[in-house]
Amino acid sequence: MARCSVPEADAILDKEFKVLDKGFVRLVDYLGGDSRIVQAARVSYGAGTKTVREDKGLINYLLRNEHTSPFEQVVFTFHIKLPIFIARQWIRHRTARLNEISGRYSILNDDFYVPETSDIAFQSSNNKQGRSTEEVPTELKQKVLDILTDGQKKSYQEYKALVDSGIARELARVNLPLSTYTEWYWQIDLKNLFHFLKLRMDSHAQKEIRDYAYVMFDIVKKVCPFAAEAFENHILGGCKLSEEEKKAVANILEGKEHNLNERALQILKEKVSN
Ligand SMILES: Cc1cc2nc3c(=O)[nH]c(=O)nc-3n(C[C@H](O)[C@H](O)[C@H](O)COP(=O)(O)OP(=O)(O)OC[C@H]3O[C@@H](n4cnc5c(N)ncnc54)[C@H](O)[C@@H]3O)c2cc1C
């Protein structure tokens, strides 16, 4: 069978999708698509692609039952420009291959992340890793922007001065802030990309990495729409239930008492309503 090419994906190859103020995601290349997943799944008994409806059903079946290896046959290579504080979260995903711009080799650009005023928020009081919904006064927002941009400007001027005086780039850069943009090529298979997207599209993930994850999921939808739909249904929109929760749901479906205490019931409600 010929190389799997997907016209909707070919149409967006090399296109930069803007993320944050100066970042982007670009699909450099892809290998496979929905049809590769079904070919790989069916190879064991020699049958190729069947009808579109059957292919879609098979992909749905595979994901629902965690037969995930056929999804590893689809591979994405992205070029991503992102601030270093997001790169630090991203790099925790160990199942990808990457090449990053070298600040030892190249002179870094003065590209720094500055949040939108609408994204400037107070610390959440009930989520140590989150933001509050309480509105920040306009003057304070402006103060935040001034502090960020002044600091970025100053540290870049100092970096440039050190570079211009012949100091090694690998040393000159060490005071640059976490808001500095970096770039990398990031290659990952679909199974592991789904894992990344599940964690990073979640409301608990930082807003800035979520923005990247949403754009990447839109790209996945172009390359393998059936797999993306199955992911939305079974992984993104689904939830894991404990044995106790499963019993409670079974009891409720049979019109019996759920037998959960108040806290456990609250957790179950949150799980199924998110
Ligand atoms: C909202 C959020 C908050 C977080 N907060 C923190 C934090 O405060 N501090 C912190 O340090 N981290 C934090 N993390 C990072 C988190 O702990 C994980 O490191 C990160 O999400 C990557 O997940 P992973 O290991 O499942 O993914 P990947 O590295 O992409 O791995 C995918 C899967 O492959 C398997 N795998 C990969 N490598 C190995 C291995 N060596 N051994 C065994 N199995 C392997 C595992 O099944 C894993 O789930 C946070 C993540 C999220 C999403």
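Me: V25 stands opposite I80 in β3. What makes β2 and β3 a pair?

Reply: β2 (residues 23-31) and β3 (residues 75-83) share seven antiparallel bridges, and a pair needs at least two DSSP bridges, so they qualify. Strands here are DSSP E runs of at least two residues, and helices are H or I runs of at least four, numbered from the N terminus. The model is predicted: local features need pLDDT of at least 70 and side-chain atom pairs 80 or more, while totals for chains, interfaces and linings use all residues. Residues are numbered from 1 along each chain as its sequence is written, and side-chain values use heavy atoms, without hydrogens or water.

Me: How do you know that β1 and β2 pair?

Reply: β1 (residues 16-19) runs antiparallel to β2 with four bridges, and E16 stands opposite R26 in β2. Their hairpin has three residues between the strands, and L20 takes a positive phi near 55°.

Me: Why is α8 called oblique to α9?

Reply: Their axes cross at roughly 130°, and that makes α8 (residues 207-223) oblique to α9 (residues 225-236). Oblique is what remains after under 35 degrees (roughly parallel), over 145 (roughly antiparallel) and 65 to 115 (roughly perpendicular).

Note on methods
Axes fitted to C-alpha atoms, helices over the stretch in contact; angles between N-to-C directions.
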